Amino acid sequence: MTVQATTAAAGGRPDWVRLMPGVFVLLWSTGFIGAKYGLPYAEPLTFLLVRLGLVAVILGLVALVTGAPWPKSWAEAGRIALAGLLVHGVYLTGVFCAIAKGMPAGVTALIVGIQPLLTAALSGPLLGERVSGRQWVGFLMGLAGVGLVVGEKLHFDSTDALGIGLALAALLGITFGTLYQKRHGTAMDLRSGAAIQYAATAAVLALLAPLFETMRIDWTGEFVFALLWLSFVLSVGAIFLLFLLIRRGAAARVASLFYLVPPVTAVIAWAMFGERLGLLALSGMALAVAGVALVNRGAVNRNGKRAA
């Protein structure tokens, strides 16, 4: 009997499955670092258009070469595209434009950090998932931890209504995108499905970018590095992991992982840019980790049984 078979027989999970949440958080956390490198050289919609268009072409070719199945109807393709427009289009556009308009990254992260709580609140009526009392405590702990992590650098201009609106749009995009993907997109092939999602989002950006931006790009080494990193590590690696996690687990549990993104991003920024990590931030990291652990320990499915 193989090791895999033994693991399956014992009711456990393969090592690669156990590593998926941690790898996802690490990859997703580098997105803010990539934006820091790339946004000085291209406007946000133009940057996203080039990034998502590049990924759409590559994944489309991969899907064709590997014989990936495509949607059987236009309605199915439309549902896949809509999930992509929410997760990639609304979320990424909101975050990139908010930061480009001068919204502090800490404030943006704090607003988007409400996503796990919002997802938990909506997963019951929309997906029939149960959220236990222990999980609600974990969600609140995680949100408090995020607040402590970004609190040291929090600078807020109450007159910046546009930046707040863009960050809120990003919050709604990733929340409803996650829920919609869980309900309608779990059966899609990741190669062809992701190609459709990126192509649909790039098509919308191709209409919007010329209306609001000059579309000028400075092709520096920093921009090329940021473009390639965000295209392949984030738009392929992290997104594939996100969809696999959504497919395997409850939406609220997957959303709780986003609480770990600000702490991990802070550690990366400390290592790469020498940004200070104070006692408040370190305390917030510990609180966020404890909150996510509590959410996943308290997970139950819609039948009231503990999730695997």
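These are questions and answers on a predicted model of a protein chain.

User: What makes up the secondary structure of the protein chain?

Analyst: The protein chain has 13 helices and zero strands. Of its 308 residues, 49% count as buried.

User: Why is Met215 called partly exposed?

Analyst: The relative accessible area of Met215 is 34%. Buried means under 20% and exposed means over 50%. The value for Met215 lies in between, so Met215 is partly exposed.

User: Where is Met215, and what is said of its phi?

Analyst: Met215 sits in the loop between helix H9 (190-212) and helix H10 (221-248). Its phi is near 65°, a positive value in a residue other than glycine.

User: How do you describe the packing of H9 and H10?

Analyst: Two packed helices are described by the angle between their axes and the distance between the axes. For H9 and H10 the angle is about 115°, and the axes are 11 Å apart. H9 passes H10 in a right-handed crossing. Residues of this contact include Leu190 and Tyr198 of H9, and Phe240 and Arg247 of H10.

User: Where does helix H4 bend, and by how much?

Analyst: Helix H4 (residues 74-100) bends by about 35° at Leu85. Just after H4, Gly102 has a positive phi of about 100°.

Note on methods
Residues numbered from 1 in each chain as written. Predicted model: local features only at pLDDT ≥ 70, side-chain atom pairs only at ≥ 80, totals over all residues. Heavy atoms only, no water. Helix = DSSP H or I, 4+ residues; strand = E, 2+ residues; numbered from the N terminus. Buried < 20%, exposed > 50% of the residue type's maximum accessible area, 1.4 Å probe, protein only. Bend = angle between axes of the 7 residues up to and from the residue. Axes fitted to C-alpha atoms, helices over the stretch in contact; angles between N-to-C directions. Left-handed = near helix turned anticlockwise from the far one by under 90°. Contact = heavy atoms within 4.5 Å.
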